[in-house]
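Hi everyone, thanks for coming. I'd like to walk you through one structure today, so please have a look at it first.

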Amino acid sequence: MSIRPIKRVIKAKPTIEGAGVHLRRAFGFDHTADFDPFLLLDDFRNDIPQDYLAGFPWHPHRGIETITYVLSGTVEHGDSMGNRGVIRPGDIQWMTAGRGIIHQEMPKGDQLGQMHGFQLWANLPSALKMTAPRYQEVKSPEIPRITDDDGTQVRVVCGSFWGKKGPVNGIAADPTYLDVAVPPGKTKTFPVEITRHGFAYVFAGSGKFCNASGPLATPTEGVGWADTTPPTRAENRCLILFDQGDEVTVQAGEDGIRFLLVSGKPLQEPVAWYGPIVMNTQNELQQAFEQLQEGTFLGAKAPK
């Protein structure tokens, strides 16, 4: 087994999206090759209602999949295919935009006014850019939860892990999407297939991620914690981007640690990206925006 070296640690940056939603962006709009097949990760955690209630009114997407995971509050969803729903704590919405969809997402806080969730964008390969849109809404009880002997808990949203398979299926990038909680002081190792790009995003507590030294980037024998360079500390709202390897090891801090562990097979295709549209060429991108202006993006005018 080989420990994944850490390429870099990124602190999520404040930004404003939609109609004025204040959130933190872990990555997006640059370094696409490093995160391939993923494009963007937003942490929309907020306890000030006026900073999120305006939401994300009707807007288009093409060429990507959006994955929304709610921890607190709710998100009301509507789209041009006629889907309507409410994503509640622990629920997942996985939307394949394909050739085009127009939707809206309107967040509401819980009884304390708190709202917390994530949105991850996954790219679609060129062969599926213009596929039919698809919508999957998964309720919290449907997501397998595994508790290991040491108290470590893992929710398997997508992919297979520790003998359980997540309920989201048919995703082009074949991703693994896990919500991981490690108890205080415990050290835990998680397998990540060597052919995938992977990252962890810490959203509660803190910990130290084991970091393989240069010569051990692709070792042929097992490597222990003591054989690596000093572990990298990661706190709340930190993203850890991993290099090549087939396992990730973390030691939880005194308050434990909770993080998303996400990996996917890189598409290794050119990216032409502007706002909510992601294609492979500038001509395809220009055509998409021309169709939006002409009202032919969906074969009909967008919802008002």
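Let's begin at Arg237, which is found in the loop between β20 (229-234) and β21 (238-242). When I say helix or strand, I mean DSSP runs, H or I of at least four residues for helices and E of at least two for strands, numbered from the N terminus. Arg237 isn't a glycine, yet its phi is positive, about 65 degrees. Is Arg237 buried or exposed? Arg237 is buried, at a relative accessible area of 18%. Buried here is under 20% relative accessible area, exposed is over 50%, and partly exposed is in between, with a 1.4 Å probe and protein chains only.

Now Gln268, in the loop between β22 (247-264) and β23 (272-274). Gln268 is not a glycine either, and has a positive phi of about 55 degrees. Gln268, though, is exposed, with a relative accessible area of 70%.

Before going on, some housekeeping. This is a predicted model, where local features need pLDDT of at least 70, side-chain atom pairs count only at pLDDT 80 or more, and totals for chains, interfaces and linings use all residues. Residues are numbered from 1 along each chain as its sequence is written, and side-chain values use heavy atoms, leaving out hydrogens and water.

So how about confidence? pLDDT is the predictor's confidence in each residue, from 0 to 100. The protein chain has a mean pLDDT of 90, with 92% of its residues at 70 or more. Residues 214-223 stay under 50, and the model gives them 14 contacts beyond four places in sequence, a contact being heavy atoms within 4.5 Å. Residues 300-304 are also below 50 in pLDDT, with seven contacts beyond near neighbours in sequence. Where pLDDT is low, the predicted coordinates should not be read in detail.

On to the sheet. There's an open one of seven strands, in the order β2-β3-β4-β11-β6-β9-β12, with antiparallel pairing; two strands pair if DSSP finds at least two bridges between them. Which strands stand at the edges? Those are β2 (13-17) and β12 (134-138), and each has a single partner strand, so one side of each has no neighbour in the sheet. β2 pairs with β3 (residues 21-28) in the antiparallel sense, over five bridges, and Thr15 stands opposite Leu23 in β3.

One last stop: Pro37, in the loop between α1 (32-35) and β4 (38-43). The peptide bond from Asp36 to Pro37 is cis, with omega near 15 degrees.
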